[in-house]
Amino acid sequence: MPQPPLRVFSGIQPTADSLHLGNYLGALRQWVSLQDDYDCVYSVVDLHALTVGPDPAALRQRVRATAAQFLAAGVDPDRSILFVQSQVPQHAQLTWLLNCVAGFGEASRMTQFKDKAAKLGDKAITVGLFDYPVLMAADILLYDANLVPVGEDQRQHLELSRTLAARLNSRFGEGAAVVPEPLIVKATAKIHDLQEPSAKMSKTGHPAGIIELLDDPKTIAKRVKAAVTDSGSEIAWDPANKPGIANLLSIYSALTGRPVGQIVEDYSGKLYGHLKADLAEAVIEALRPFRERTALYLDDPGQLDQLLRTGAGRAEALARVVYQRIAARFGLAQGTASR
Ligand code: AQP
């Protein structure tokens, strides 16, 4: 008998007006090709964005802008489920159940929490920020997802999701939860900050270190040309000693589909400036149609909202069944009630 396709789940936070090249190459681009072989569920994870206390009006705008960028990249709402996390109440409900099986110690070990907490300072750290990885586990388990395409920065969070799923199965018996597998594309797993190549490119990083997907061509060229390079002048693949050049080479290779070795050969005897000029052109050309398509979706917010409501309805139909199954295992009455 033919098996149903495996389920994929992934999400991106609406924490900026534009996504960046790391989000695109580390996650979004994979999302689009996975649609050919898997049953995909993609979400604008606005509950996650609340963990850093965004301005409400900005958040509303960014939810739409993020969804528009998913669509512009090629997420197809007819083939995949595309929805906004807060429109499906089971995400918050399942988080509570998982909070009650997650260890305080294991949540305390999450390096992303430690990094963000250090950036925000004691007064701004919320319980929500601490709980971020448990909410992420709820997102994944709620759809019985088999595969989760993410960048390297999310590997530890995904490991926690796997631990929690396995714990539900050992505590309540097999079949309580599906244990998800990470899907991390090695070559683009971590795109680095252009100004600080030891750090990942991040929406909340310094603007000069980021290439935003909606940046205009002039800004893109400026950012690429100002990227920090390394001492010496030889264009070589040496991530340990030449992290700045290695980052530019990975981005170039990912955008053009040409292997890094071939690019290095082409630039033998040339200067960093040549590589930067060609890379800027490649980024501009790759992002031009993306920017135009995003603008078209944002021109019609009514239609975009309708599309997202339809997606939320489809997501909730799946989430309700899984939530009730898990809640019943916990012994909660509502887990067995029909509505
Ligand atoms: N630099 C990166 N390289 C490769 N993949 C990346 N991702 C993020 N940065 C890189 C992947 O993008 C997806 C969405 O991430 P997110 O926006 O939900 O949260 P994040 O990982 O916290 O990304 P940012 O940009 O750093 O956001 P802020 O600054 O708001 O926290 C994930 O799959 C992630 O792996």
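**Helix packing, ligand surroundings and loop residues**

In the predicted model, R64, A67, A68 and L71 of helix α3 are in contact with P301, L304, D305, L307 and L308 of helix α13. By class, the residues of this contact of α3 with α13 comprise seven nonpolar, no polar and two charged. Helix α3 spans residues 56-73 and helix α13 spans residues 301-330; their axes come within 11 Å and cross at roughly 80 degrees. An angle between 65 and 115 degrees counts as roughly perpendicular, and α3 and α13 are therefore roughly perpendicular to each other.

Helix α3 also packs against helix α12 (residues 272-298), at an angle of about 130 degrees and with the axes 8 Å apart. The two helices, α3 and α12, are therefore oblique to each other. Their crossing is right-handed. On the α3 side, the contact involves R64, A65, A68, Q69, L71, A72 and A73, and these meet F290, R293, T294, Y297 and L298 of α12. The residues of the contact of α3 with α12 divide into eight nonpolar, two polar and two charged. In α3, R64, A68 and L71 take part in the contact with α12 and are also found in the contact with α13.

A further helix pair is formed by α1 (residues 21-34) and α10 (residues 243-256), which pack at an angle of about 50 degrees with their axes 12 Å apart. This angle makes α1 oblique to α10. The crossing of α1 and α10 is left-handed. Residues L21, L25 and R29 of α1 meet I251, A254 and L255 of α10. The contact of α1 with α10 has five nonpolar residues, no polar residues and one charged residue.

The ligand has 23 residues around it, of which H20, K116, D153, K203 and T204 come nearest. Polar atoms of the ligand were also examined. An oxygen atom of the ligand is 2.8 Å from an N or O atom in the side chain of T15. For the side chain of Q154, the distance from an N or O atom to an oxygen atom of the ligand is 3.3 Å. A nitrogen atom of the ligand is placed 2.9 Å from a polar backbone atom of M201.

Not counting residues up to four places away in sequence, H192 touches P197, S198, A199, K200, M201 and N247. The side chain of H192 has a polar atom 2.7 Å from the backbone oxygen of P197. The side chain of H192 also reaches the backbone oxygen of K190, at 3.5 Å. H192 and Q156 are 36 residues apart along the chain, and their C-alpha atoms are separated by 18 Å.

One backbone angle was noted in another loop. D144 lies between α7 (127-141) and β4 (147-149). Most residues other than glycine have a negative phi. D144 is not a glycine, yet its phi is positive, at about 50 degrees.

Note on methods: Residues numbered from 1 in each chain as written. Predicted model: local features only at pLDDT ≥ 70, side-chain atom pairs only at ≥ 80, totals over all residues. Heavy atoms only, no water. Axes fitted to C-alpha atoms, helices over the stretch in contact; angles between N-to-C directions. Helix = DSSP H or I, 4+ residues; strand = E, 2+ residues; numbered from the N terminus. Parallel < 35°, antiparallel > 145°, perpendicular 65-115°, else oblique. Contact = heavy atoms within 4.5 Å. Nonpolar A, V, L, I, M, F, W, Y, C, P; charged D, E, K, R; others polar. Left-handed = near helix turned anticlockwise from the far one by under 90°. Near = heavy atom within 4 Å. Polar contact = N/O pair within 3.5 Å; in protein donor to acceptor, adjacent residues only side chain to side chain.
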